[in-house]
Amino acid sequence: PDSSRLLWEGILRSAKKEFRALVKPLRTGAISAQIATFLNDFFSKEETGLKRRIQSRVETHFELPYDTAWRSANEACWYMLRGLCLRVGLVIVARQFDWNATKIFKKNDINDLVAVVYRCSPASN
């Protein structure tokens, strides 16, 4: 349904903001472990501080009712993971993830973090 996609968009935008705040001050050697922890908190079935911040932003900034039901559907988890990776430039290992595990992601699952280009100026001749 369209309402679910709208909610997912709000969640992804809020998660992107949290992700950027996390990664910005990190040293290169600590990034993989921190990103794996971020992803584990984001996809966890349990309540985390990260999810509370995202929920608060979705409800106040986007004025949408927050619903945690998306975390119980594997298809939605794949959609959210793909969307987050595309938005923040995250490259992860392609494998089957156990969405019911407590630690879904390991630091070895993080392959790269690349720049995301939103606009390119046309080349002048």
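# Briefing on the predicted chain

The chain holds four helices and two strands. In order from the N terminus, these elements run α-α-α-α-β-β. With a radius of gyration of 15 Å, close to the 14 Å that the globule rule gives for 125 residues, the chain is as compact as a globular protein of that length. The model is a predicted one.

**Overall dimensions and packing**

- The C-alpha trace of the chain spans about 50 × 35 × 25 Å along its principal axes.
- Buried residues make up 37% of the 125 residues of the chain.
- Among contacts in the chain with a separation of 6 or more, 60% come from residues 24 or more positions apart.

**Ser14 in helix α1**

- Helix α1 covers residues 2–23, and Ser14 is part of this helix.
- The relative accessible area of Ser14 is 1%, so this residue counts as buried, the cut-off being under 20%.
- The side chain of Ser14 reaches the backbone oxygen of Gly10 at a distance of 2.9 Å.
- When neighbours within four places in sequence are left aside, Ser14 is in contact with Ile54, Arg57, Val58 and Phe62.
- Of these partners of Ser14, Ile54 and Arg57 fall within the range of helix α3, residues 49–60.

**The loop between α1 and α2, and Ile31**

- Gly29 is located in the loop between α1 and α2.
- Gly29 has a relative accessible area of 76% and is therefore exposed, since the term applies over 50%.
- Between the C-alpha atoms of Gly29 and Thr68 there are 33 Å in space, while 39 residues separate the two in sequence.
- Ile31 belongs to helix α2, which comprises residues 31–43.
- Ile31 counts as buried because its relative accessibility is 19%, and the limit for that class is under 20%.
- Apart from neighbours within four places in sequence, Ile31 is in contact with Leu26 and Leu113.
- Ile31 and Leu113 lie 82 residues apart in sequence, and their C-alpha atoms are 9.1 Å apart in space.

- Gly49 lies in helix α3, which is formed by residues 49–60.
- Gly49 is partly exposed, its relative accessibility being 27%.
- Glu63 is found in the loop between α3 and α4, the latter helix being residues 74–88.
- Glu63 has a relative accessible area of 67%, so it is exposed.
- The phi angle of Glu63 is near 55°, a positive value in a residue other than glycine.
- Gly49 and Glu63 are 14 residues apart along the chain, with 20 Å between their C-alpha atoms.

**The largest pocket**

- The largest pocket contains about 170 Å³ of space.
- Its lining includes Asn40, Asp41, Ser44, Lys45, Glu46, Glu47 and Thr48.
- Asn100, Ala101, Thr102 and Lys103 also line the largest pocket.
- By residue class, the lining of the largest pocket divides into one nonpolar, five polar and five charged residues.

Methods: Residues numbered from 1 in each chain as written. Predicted model: local features only at pLDDT ≥ 70, side-chain atom pairs only at ≥ 80, totals over all residues. Heavy atoms only, no water. 1 Å grid on protein atoms, 1.4 Å probe; cavity = no way out; pocket = protein on both sides within 12 Å on 5 of 7 lines; lining within 4 Å. Points joined across faces, edges and corners; volume = space filled by probe spheres on them. Nonpolar A, V, L, I, M, F, W, Y, C, P; charged D, E, K, R; others polar. Buried < 20%, exposed > 50% of the residue type's maximum accessible area, 1.4 Å probe, protein only. Polar contact = N/O pair within 3.5 Å; in protein donor to acceptor, adjacent residues only side chain to side chain. Contact = heavy atoms within 4.5 Å. Rg over C-alpha atoms; globule rule 2.2 N^0.38 Å.
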